[in-house]
Amino acid sequence: MAAVSIAFEAPDNCGGAPAFTKKPIDFDHLARQTMGDKDLEIEVLQLFSRNARAALHEIADADDKAVRATAHRLKGAAQAVGAPAVSAAAAAVEDQGKDSAAIAKLAVTIVEAENFILKLCR
């Protein structure tokens, strides 16, 4: 009986799971950039996804100056497609250089954007 009562008690994290509040891609911005062409939107997002992953690999193996330059390019690409979380994380890496926490945050935002883009392309 104790196991049943434990299974149905409230979890320790009373606040529940964090709510996903924003989409990784701002579709209004992307539509303006692509003049509403849906095929072009998908093509641009897929290209961004591949380039963001490549930039992340470059950052992992680069010196501080190259990390900042790559982060700057990624920030601009993210702004162009309407990926504000990636852009903000890339800006932090651009400012902080080879800071492992900033790079980890950038990696998380890139993976979130990639997963979102992959779901769109199904």
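In the predicted model, Thr109 is in contact with Ala85, Val86 and Ala89, leaving aside its neighbours within four places in sequence. Thr109 belongs to helix α6. Its relative accessible area is 4%, and a residue counts as buried under 20%, so Thr109 is buried.

The chain as a whole contains 6 helices and 0 strands. Followed along the sequence, these elements give the pattern α-α-α-α-α-α. The chain has 122 residues, of which 32% count as buried.

The largest nonpolar core of the chain comprises 26 residues. Within this core, Phe48, Leu74, Val86 and Leu106 touch the most other members. Two or more residues are given to the core by each of α3 (38–60), α4 (64–81), α5 (84–96) and α6 (100–120). The greatest contribution comes from α6, with 7 residues. When neighbours within four places in sequence are set aside, Phe48 is in contact with Leu74, Ala77, Ala78, Val81, Ala83, Val86 and Ile117. Two of the partners in this list, Leu74 and Val86, are also named among the core residues that touch the most other members.

The packing of helices is considered next. Two packed helices are described by the angle between their axes and the distance between the axes. For α4 and α5, the angle is about 160° and the axes are 8 Å apart. The angle makes α4 roughly antiparallel to α5, because angles over 145 degrees count as roughly antiparallel. The crossing of these two helices is left-handed. On the α4 side, the contact is made by Val67, Arg68, Ala71, His72, Leu74, Lys75, Ala78 and Gln79. On the α5 side, it is made by Val86, Ser87, Ala90, Ala91, Val93, Glu94, Asp95 and Gln96. Leu74 and Ala78 of α4 and Val86 of α5 take part in this contact, and these three residues also touch Phe48.

His72, one of the α4 residues in the contact with α5, has a relative accessibility of 41%. This value lies between the limits of 20% and 50%, so His72 counts as partly exposed. The C-alpha atoms of His72 and Ala92 are separated by 9.6 Å, and the two residues are 20 residues apart along the chain.

The axes of α2 and α3 come within 9 Å and cross at roughly 110°. Angles from 65 to 115 degrees count as roughly perpendicular, and α2 and α3 are therefore roughly perpendicular to each other. In this pair, Leu30, Ala31 and Thr34 of α2 meet Leu40, Glu41, Val44 and Leu45 of α3.

The loop between α2 (27–34) and α3 contains Met35. Met35 is not a glycine, yet its phi is positive, at about 55°. Most residues other than glycine have a negative phi. The relative accessibility of Met35 is 76%; because the limit for an exposed residue is over 50%, Met35 counts as exposed.

Arg53 has its place in helix α3, whereas Glu114 lies in helix α6. Along the chain the two are 61 residues apart, and their C-alpha atoms are separated by 8.5 Å. With neighbours within four places in sequence left aside, Arg53 is in contact with Ile110, Val111 and Glu114. Glu114, not counting residues up to four places away in sequence, touches Ser49 and Arg53. The exposure of these two residues falls into separate classes. Arg53 is partly exposed, with a relative accessible area of 32%. Glu114 is buried, with a relative accessible area of 11%.

Terms used. Residues are numbered from 1 along each chain as its sequence is written. This is a predicted model: local features need pLDDT of at least 70, side-chain atom pairs count only at pLDDT 80 or more; totals for chains, interfaces and linings use all residues. Side-chain values use heavy atoms; hydrogens and water are left out. Helices (H or I, at least four residues) and strands (E, at least two) are DSSP runs, numbered from the N terminus. Buried means under 20% relative accessible area, exposed over 50%, partly exposed in between (1.4 Å probe, protein chains only). A nonpolar core is a set of buried Ala, Val, Leu, Ile, Met, Phe, Trp, Tyr and Cys residues joined through side-chain atoms within 4.5 Å. Contact means heavy atoms within 4.5 Å. Axes are lines fitted to C-alpha atoms, for helices over the stretch in contact, and angles run from 0 to 180 degrees between N-to-C directions. Angles under 35 degrees count as roughly parallel, over 145 as roughly antiparallel, 65 to 115 as roughly perpendicular and the rest as oblique. A crossing is left-handed if the near helix is turned anticlockwise from the far one by less than a right angle, and right-handed if clockwise.
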